[in-house]
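Visitor: Could you take me through this structure, beginning with the chain as a whole and then moving to particular residues?

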Amino acid sequence: MKKKILAILLMLTLLLSGCSELKLKMDQIENYESSESMGERYAYEILDYLEAGDKEGLKSMFCEAVRDTDDFDEEIDELFEIWGDYTIEDRETLNIRSGGRESAWDYGEWTRDTILINVKDLQIEEIDFMGICVCLADADEENIGVQRITLWDDSENEVIFAVG
């Protein structure tokens with residue numbers, strides 16, 4: 001009799017834990033957003049802030065760890081100086097791609113999920129490429145958000161400016 005009760009309890013435990021795993025998987029499927037879609041969303045939001053001259057809006061996208069650095073405000077000011085009044089006439093001409101995704105999963109929790117976004121074909125003087133690094137999930141919540149924006153001269157393979 002004890003073996004039957006233990007077997008029933010074990011089966012119930014397995015069934016109940018399986019349901020929570022199934023719910024987790026269903027939530028992940030229902031809320032799935034591709035890296036390309038996320039990349040476009042983040043890139044367009046950053047471009048909107050840059051074109052509008054909205055420093056506070058752009059600052060809010062950065063993770064707390066970057067916002068707390070000593071020279072963050074000066075870097076943002078310099079980024080807006082470089083950007084100037086540049087406006088992208090047709091965003092369809094931009095080549096926005098996910099440059100890769102780095103993820104770490106530990107015991108059912110994201111410990112790190114970072115996406116790299118490449119925005120190519122910008123035409124700002126010597127700048128024709130923007131790299132964006134966004135932390136989507138991290139064990140330390142102050143790391144979640146934009147971590148770095150880098151402006152490149154692709155022809156010279158040279159960093160012109162970076163914030164973060």
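**Surface and overall make-up**

Guide: The chain has an accessible surface of about 10,500 Å², and 51% of that surface belongs to carbon and sulfur atoms. Accessible areas come from the Shrake-Rupley method with a 1.4 Å probe, and for residues only the protein chains shown count as cover. This is a predicted model, in which local features need pLDDT of at least 70 and side-chain atom pairs count only at pLDDT 80 or more, while totals for chains, interfaces and linings use all residues. Residues are numbered from 1 along each chain as its sequence is written, and side-chain values use heavy atoms, with hydrogens and water left out.

Visitor: What is the mean pLDDT of the chain?

Guide: The mean is 83, and 80% of the residues reach 70 or more. The term pLDDT is the predictor's confidence in each residue, from 0 to 100. Where pLDDT is low, the predicted coordinates should not be read in detail.

Visitor: How many helices and strands does the chain have?

Guide: There are five helices and five strands. Helices (H or I, at least four residues) and strands (E, at least two) are DSSP runs, numbered from the N terminus. From the N terminus on, the order is α-α-α-α-α-β-β-β-β-β.

Visitor: What share of the residues is buried?

Guide: Of the 164 residues, 35% count as buried. Buried means under 20% relative accessible area, exposed means over 50%, and partly exposed lies in between (1.4 Å probe, protein chains only).

Visitor: Which residues touch the most other members of the largest nonpolar core?

Guide: They are Ile 46, Leu 58, Phe 62, Ile 117, Val 119, Met 130 and Ile 132, in a core of 36 residues. Helix 2 gives the most to this core, with seven residues. A nonpolar core is a set of buried Ala, Val, Leu, Ile, Met, Phe, Trp, Tyr and Cys residues joined through side-chain atoms within 4.5 Å.

Visitor: And what is Val 119 in contact with?

Guide: Leaving aside neighbours within four places in sequence, Val 119 is in contact with Ala 43, Leu 94, Asn 95, Ile 96, Asp 128, Phe 129, Met 130 and Ile 132. Contact means heavy atoms within 4.5 Å.

Visitor: Turning to the strands, how do strand 3 and strand 4 pair?

Guide: Strand 3 and strand 4 (residues 145-153) pair in the antiparallel sense over seven bridges. Two strands pair if DSSP finds at least two bridges between them. A hairpin of six residues joins the two strands. Two of the bridge partners in strand 4 are Gly 145, for Cys 135, and Thr 150, for Gly 131.

Visitor: Are these strands mostly covered or exposed?

Guide: Both are mostly covered: in strand 3 (residues 127-138), 11 of the 12 residues are buried, and in strand 4, seven of the nine are. Thr 150 of strand 4 counts as buried because its relative accessibility is 10%. Leaving aside neighbours within four places, Thr 150 is in contact with Phe 129, Met 130, Gly 131, Val 159, Phe 161 and Ala 162.

Visitor: What about strand 4 and strand 5: in which sense do they pair?

Guide: Strand 4 and strand 5 pair in the antiparallel sense, over five bridges. Ile 149 stands opposite Val 163 in strand 5. Four residues lie between the strands in their hairpin, where Asn 157 takes a positive phi near 50°.

Visitor: Which value does phi of Asp 121 take?

Guide: It is near 75°, a positive value in a residue other than glycine. Asp 121 is found in strand 2 and is partly exposed, with a relative accessible area of 40%.

Visitor: A change of topic: how many disulfides does a search of the whole structure find?

Guide: The search finds zero disulfides. Cys 63 is in none, and the nearest cysteine sulfur, that of Cys 135, is 7.2 Å away. A disulfide is here a pair of cysteine sulfur atoms within 2.5 Å.
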